[in-house]
Amino acid sequence: MADYVNEIKRRRTFAIISHPDAGKTTLTEKLLLYGGAILQAGSVKGKKANKHAVSDWMEIEKQRGISVTSSVLQFEYNDFCINILDTPGHQDFSEDTYRTLMAADSAVMVIDASKGVEAQTKKLFKVCLLRKIPIFTFINKMDRAAMDPFKLLEHIEAELGISTYAMNWPIGSGKEFKGVYERDHKRIIAFHGGDHGMKAAEVTEGSLEDDTFRSILGDHFFEQLREDSELLDIASTEFDEAAIAKGELTPVFFGSALTNFGVEPFLSHFLNMTTSPLPREASVGEIDPFDEHFSAFVFKIQANMNKAHRDRIAFMRICSGKFEKGMEVLHVQQGKKIRLAQPQQFMAQDREIVEEAYPGDVIGVFDPGIFAIGDTLCDASYKFEFKKIPTFAPEHFARVTQKDTMKRKQFTKGITQIAQEGAIQVFQQIDTGMEEIIVGGVGVLQFDVLEQRLQSEYNVEIKLEILPYQCVRWIDDQTLDPHTLNLTSDTKRLKDLKGKNLLLFMNNWGIKWATEQNKSLSLSEFGNME
Ligand code: G4P
């Protein structure tokens, strides 16, 4: 029992959110370096080298027992067991990216010091906000020309509407990035070495009162730091643990993932400040992770992970109880008991089988087509359902028709199944009924996946016509007749697969117009929250 409690307490399950190129991959690699999971980081100069770094992990994982899946990276650091959930960006950006945040207990937001808050970070941030999870900010690339740190904090607050608290303060930037000042310990950490990011950075530590730092940092930086520190103490928001826990205040750290400067101070503070697995809302109230009855929910389904077999893997986050290979659980939505049995059906990664896992961990199970996003698995003696995973408003839309009209049945079946899996969203125009199918995705790659899967799994060829719409919103009051609304001529009235009414807009201006013209209308970016 004590072991069970300790296993949960030492777990840290988080996602790293960022805009492409802000440094998520580099920071992840450096966390592994500091965690002792790898001895030398692959040079992250150049995308090719990055790939090399990833393949290094695979080798290392075999030696050290780190498990890498496309969904989670698990490793040990001091006494912590860390699960970093992958939030695919770039081309792979899709609803999975959002759903993964549903499985995280906290988030690390990486921001490029010269660019500030960027579009994708903003979108991911909104989802974190919805869950009220703690968000820690790492301002990266301080070794390059950076915005003024005070301005950066103001900018984050203005763009995201979250308060900030600087945990440490940068000493210089660009080539003159000399260290950070830790406000809680009133300690200067001056950086040296790091072997251009290959090895952990060396540091000299001391107090702001210690005049030897005048020569280490130089007069100018030393004086500047004293001034900044005074100003911060006067002007800064108060440190408030409760506000951090609710995601209302973000602790901010400055550093450079590439040179390793500031990575270790960030990691040790973050792991101590962030939360162990959190309780989850369910039909019977909150489910405590320390409850010994097993429970988990499915947050991602990945088709065709292995090209040789047509397989699907359902990824689930364990919320309570200990998972043991072969255990029998109740699949609540199907009302059936299933055995999480044949070992080869489990994957921590391609070649490893999970023997046991704890709340906070993610396991992947072979899916013969029985799982859907949001499904609950639990101990049969204690049945309940976890709160549903919301549907996120797509930003890309296309009209889909099948090329061979004789294949209507396969087409409808295929597109419905793929939508139920959560790979794409399907809408119908209210007036035209089934005749016109509009699909929506958070990322454009989702359309390619749809096209390929319909062809290979259902033998249906489709024509995809990209539509110029950008936003869709669910109508909050579903008793409201969409035809009574005063809308611009280019706004479409739709319903989703569950029959919920939505509006499709060309742009944000259309949304504004609709809500101004129709006082009773309120719209939501997230669907199916009940
Ligand atoms: P991502 O996963 O968020 O997309 O970012 P990634 O870590 O791949 O980093 C993007 C680029 O930024 C990489 O350059 C990486 O070396 C660089 N980078 C990451 N952290 C830092 C940092 O702290 N300082 C500096 N100066 N650079 C950093 P790259 O692979 O060479 O590609 P590119 O520069 O040609 O785009």
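This short talk goes through a predicted model of a protein chain, from its confidence and overall make-up down to a few local features.

The average pLDDT of the protein chain is 86, and 87% of the residues score at least 70. For the complex as a whole, the predictor reports an ipTM of 0.97 together with a pTM of 0.89. Where pLDDT is low, the predicted coordinates should not be read in detail.

Turning to the overall make-up, the protein chain contains 13 helices and 33 strands, and of its 530 residues 43% are buried. If we take the contacts between residues at least 6 apart in sequence, 69% of them join residues that are at least 24 apart.

The domain assignment divides the protein chain into domain 1, which covers 1–58 and 87–273, domain 2, which covers 280–378, and domain 3, which covers 396–524. Taken over C-alpha atoms, the centres of domain 1 and domain 3 are separated by 39 Å. Between these two domains, six residues of domain 1 are in contact with six residues of domain 3, and the domain 1 side of that contact consists of two nonpolar, two polar and two charged residues.

Next, a helix pair. Helix α2, residues 24–34, packs with helix α10, residues 263–273, at an angle of about 80°, and their axes are 10 Å apart. Since angles from 65 to 115 degrees count as roughly perpendicular, α2 is therefore described as roughly perpendicular to α10. On the α2 side the contact is made by K30, L31 and Y34, while α10 contributes V263, E264 and L267. Sorted by class, this contact has four nonpolar residues, two charged residues and no polar ones.

I would like to finish with backbone geometry. Most residues other than glycine have a negative phi, and with that in mind two residues deserve a look. D21, which is not a glycine, has a positive phi near 80°, and its place is in the loop between β1, residues 11–18, and α2. The C-alpha atom of D21 lies 11 Å from that of E118, a residue 97 positions away along the chain. The second residue is K141, which has a positive phi of about 65° although it is not a glycine either, and which is found in the loop between β6, residues 135–140, and α6, residues 149–160.

K141 has 26 other C-beta atoms within 10 Å, and so K141 is buried.

Definitions and conventions: Residues numbered from 1 in each chain as written. Predicted model: local features only at pLDDT ≥ 70, side-chain atom pairs only at ≥ 80, totals over all residues. Domains from an automatic or database assignment. Contact = placed C-beta atoms within 7 Å. Nonpolar A, V, L, I, M, F, W, Y, C, P; charged D, E, K, R; others polar. pLDDT = per-residue confidence, 0-100. Axes fitted to C-alpha atoms, helices over the stretch in contact; angles between N-to-C directions. Helix = DSSP H or I, 4+ residues; strand = E, 2+ residues; numbered from the N terminus. Parallel < 35°, antiparallel > 145°, perpendicular 65-115°, else oblique. Buried ≥ 20, exposed ≤ 12 C-beta atoms within 10 Å, placed from the backbone.
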